[in-house]
Amino acid sequence: MAQAVPAEQKWWSGGKSPFNVEYGKLMMWYFLMSDAFTFGAFLISYGTIRFSSNSWPDPNEVFQSFPGLGSGLPLMFVSLMTFILIISSVTMVLAVQAGHAMDKKGVVRNLVLTIIGGIAFLSCQAWEWTHMFHEGAWWGSNPFLNIDGTKASTNFTNFFFTITGFHGFHVFSGVIINIIMLIMTLNNVFEQRGHYLMIEKAGLYWHFVDLVWVFVFTVFYLV
């Protein structure tokens, strides 16, 4: 049964978060949840179209090129992209841990590595997009055949450029955020505040971007 609460007693009168979480971090979680719904809608839409189609292009045939090594290496380049992004997530964790320890040099070092990882991932994605464009792939254009040899619809390329482009925009935003965090760290902003909580918030966003890529990689490249 519900417990009666006297009129003069209040469960929470304000002044402190009922979730015991700093306000900015809580808002970041809310933003990430809303962003997850957007990515989820994209991936669910892709899965619906993918499995309602009689046939579909084979990712092993479409994504088999590697810069400098030619073709015949299915999914090797996108696997490298995934590895780069996962390593950048590790360096972001180290930056957050250094912030907890008030280690400015550690924060700077690992933020720089994270930024380099993000730029490397974006460079790889730019090469992949350019390569596919030269093969005739773009929104509304699909030169790849279905796995059974039949002509494929443009749904494949439309979803590819939309989903990977939307994710790439998030990676680009994360790189900009981390650059801002790096500048603030070098200017001793967090040292003066006495904490590196902003680094932790930036880390939440970066880990979210990495996690989303795992789903994109699995659903689009492997299935």
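I took a nonpolar core to be a set of buried Ala, Val, Leu, Ile, Met, Phe, Trp, Tyr and Cys residues joined through side-chain atoms within 4.5 Å, where buried means under 20% relative accessible area, exposed over 50% and partly exposed in between (1.4 Å probe, protein chains only). The model is predicted, so local features need pLDDT of at least 70 and side-chain atom pairs pLDDT 80 or more, while totals for chains, interfaces and linings use all residues. Residues are numbered from 1 along each chain as its sequence is written, and side-chain values use heavy atoms, without hydrogens and water.

Core. I found that the largest nonpolar core has 54 residues, and that Phe63, Ile199, Trp213, Phe220 and Tyr221 have the most contacts inside it. Helices H1 (23-52), H3, H4 (104-134), H5 (155-186) and H7 (197-222) each supply at least two of its residues, with H7 giving the most, 13 residues. Helices here are DSSP runs (H or I, at least four residues), and strands are E runs of at least two, numbered from the N terminus.

Ile199. Leaving aside neighbours within four places in sequence, I noted that Ile199 is in contact (heavy atoms within 4.5 Å) with residues including Met92, Val107, Met181 and Phe190.

Leu80. I located Leu80 in helix H3 (residues 76-100), and Leu80 is partly exposed at 33% relative accessible area.

Record. The unreviewed UniProt entry annotates "transmembrane region" at stretches including 169-190 and 202-222, though such annotations may be inferred rather than shown by experiment. I saw that residues 202-222 are 100% helix and 0% strand, with end C-alpha atoms 29 Å apart.
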